[in-house]
Amino acid sequence: ASSSNGNYAVYGLFQYQVGKTLKDYSENSLLELVDIQRKIAEIVKAYHEHGFLWFDIKDANVNIVGAGTVQSVSMFDFGSLFSKVELTNYVSNGDTDLSLSFTPTSSEVLLPKELESILSSKRSGVFCFADSRKHQKKIQTLGKFGEQTDIFLLGSLLFKRLMGIAPTAQDCEQLQNGIFDMARFKKLKGHSSLIVSKIKEVLVQCLNYDNRGERYESVSTYMADLKEIYLELC
C-alpha cells in the first residue's frame, strides 16, 4: 500500500494486550518479582536462540499484563536488538556505519564494561551511540560473546527491582569480593538466609562488571537458578 503513495515504507504490526510497563509497576511479593524476572529471561533466551542480542534490557522496555498477579510479559523498543552474525562480521569502512545505541548508565541501568568502552564521548539524551568505526574488534567480540552482556543486563534489572535503583560498578565489585551487604535489599527482609544466599549467588554470577567470562554461560543457567528460588519461595 505504501508504494502507491511513493514513499516505499515498510510497516510492522504486532498484537499487544493492555497493560503497563514494569517501570510503573510494584511487585506484590518477592515471589512475583522472581516470576517476572523468569518471564523476561525466557523472552531474552528466545531472541538468543534466533540469533539476536538485546542490549537495552530495562524495566521501561517490559510490558506486563495481569491483575494482582502478572500473567504475561512482553518486551518492546527494538532499536537495540542486533544480529549476532552482523556484529561478528562487522568491518568498519567509509561506506558502512553500524548504528549501535543503548540506554546510558544511570539510576535506570548499569552497562557492563564492554558496552561502556565502545560508547562515543558524544552522548545525547536518553541514548548513547557506540563509536563503531573506532571499535571494530570490540564490536566483533560482542557478536561472539554478547549473550553474557545480556546476562549482565538481566542481573542489573534484577538488582534494580530489589533495590529501587540500578547497581553501580562498586556494587558489582563488592558482590564479587563477597562484601556486599544484602541487608540493603529491603525486599529481602523477613526471608530465609537460604533465599538471601541464593539471590546473592545469582547476582554474583550476573554482575561481573569487568569479566564477562565469569558470568553465567547462558540465560538457561540463569533461569535454572531463578527457578530454584521461585520453588523455594512457593
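Q: In which helix of this predicted model is Gln37 found?
A: Gln37 belongs to helix α1, which covers residues 30-49.

Q: Why is Gln37 called buried?
A: The relative accessible area of Gln37 is 0%. Buried means under 20%, so Gln37 counts as buried. Among the residues that Gln37 touches are Leu154 and Leu158, as well as Tyr222 and Leu226.

Q: What makes α4 roughly parallel to α7?
A: Helix α4 (residues 136-163) packs with helix α7 (residues 219-233) at an angle of about 30°, and their axes are 10 Å apart. Angles under 35 degrees count as roughly parallel, and therefore α4 is roughly parallel to α7.

Q: Which residues of α4 and α7 meet?
A: Ile151, Leu154 and Leu158 in α4 meet Val219, Tyr222 and Leu226 in α7. The residues of this contact comprise six nonpolar, no polar and no charged.

Q: Why is the aromatic pair of Phe159 and Phe180 called edge-to-face?
A: The planes of Phe159 and Phe180 stand at 65°, with 5.8 Å centre to centre. Planes over 60 degrees apart count as edge-to-face, so the pair receives that name. Phe159 lies in helix α4 and Phe180 in the loop between α5 and α6, 21 residues apart.

Q: What makes the pair of Phe180 and Phe185 tilted?
A: The angle between the planes of Phe180 and Phe185 is 40°. Stacked requires under 30 degrees and edge-to-face over 60; this pair is therefore tilted.

Q: How do you know that Phe180 counts as buried?
A: Phe180 has 4% relative accessibility, and the limit for buried is under 20%. Phe180 therefore counts as buried.

Key: Residues are numbered from 1 along each chain as its sequence is written. This is a predicted model: local features need pLDDT of at least 70, side-chain atom pairs count only at pLDDT 80 or more; totals for chains, interfaces and linings use all residues. Side-chain values use heavy atoms; hydrogens and water are left out. Axes are lines fitted to C-alpha atoms, for helices over the stretch in contact, and angles run from 0 to 180 degrees between N-to-C directions. Helices (H or I, at least four residues) and strands (E, at least two) are DSSP runs, numbered from the N terminus. Angles under 35 degrees count as roughly parallel, over 145 as roughly antiparallel, 65 to 115 as roughly perpendicular and the rest as oblique. Contact means heavy atoms within 4.5 Å. Ala, Val, Leu, Ile, Met, Phe, Trp, Tyr, Cys and Pro count as nonpolar, Asp, Glu, Lys and Arg as charged, and the others, Gly among them, as polar. Buried means under 20% relative accessible area, exposed over 50%, partly exposed in between (1.4 Å probe, protein chains only). Rings of Phe, Tyr and Trp (its six-membered ring) pair if their centres lie within 6.5 Å; planes under 30 degrees apart count as stacked, over 60 as edge-to-face and the rest as tilted. Lists of a residue's contacts leave out its neighbours within four places in sequence.
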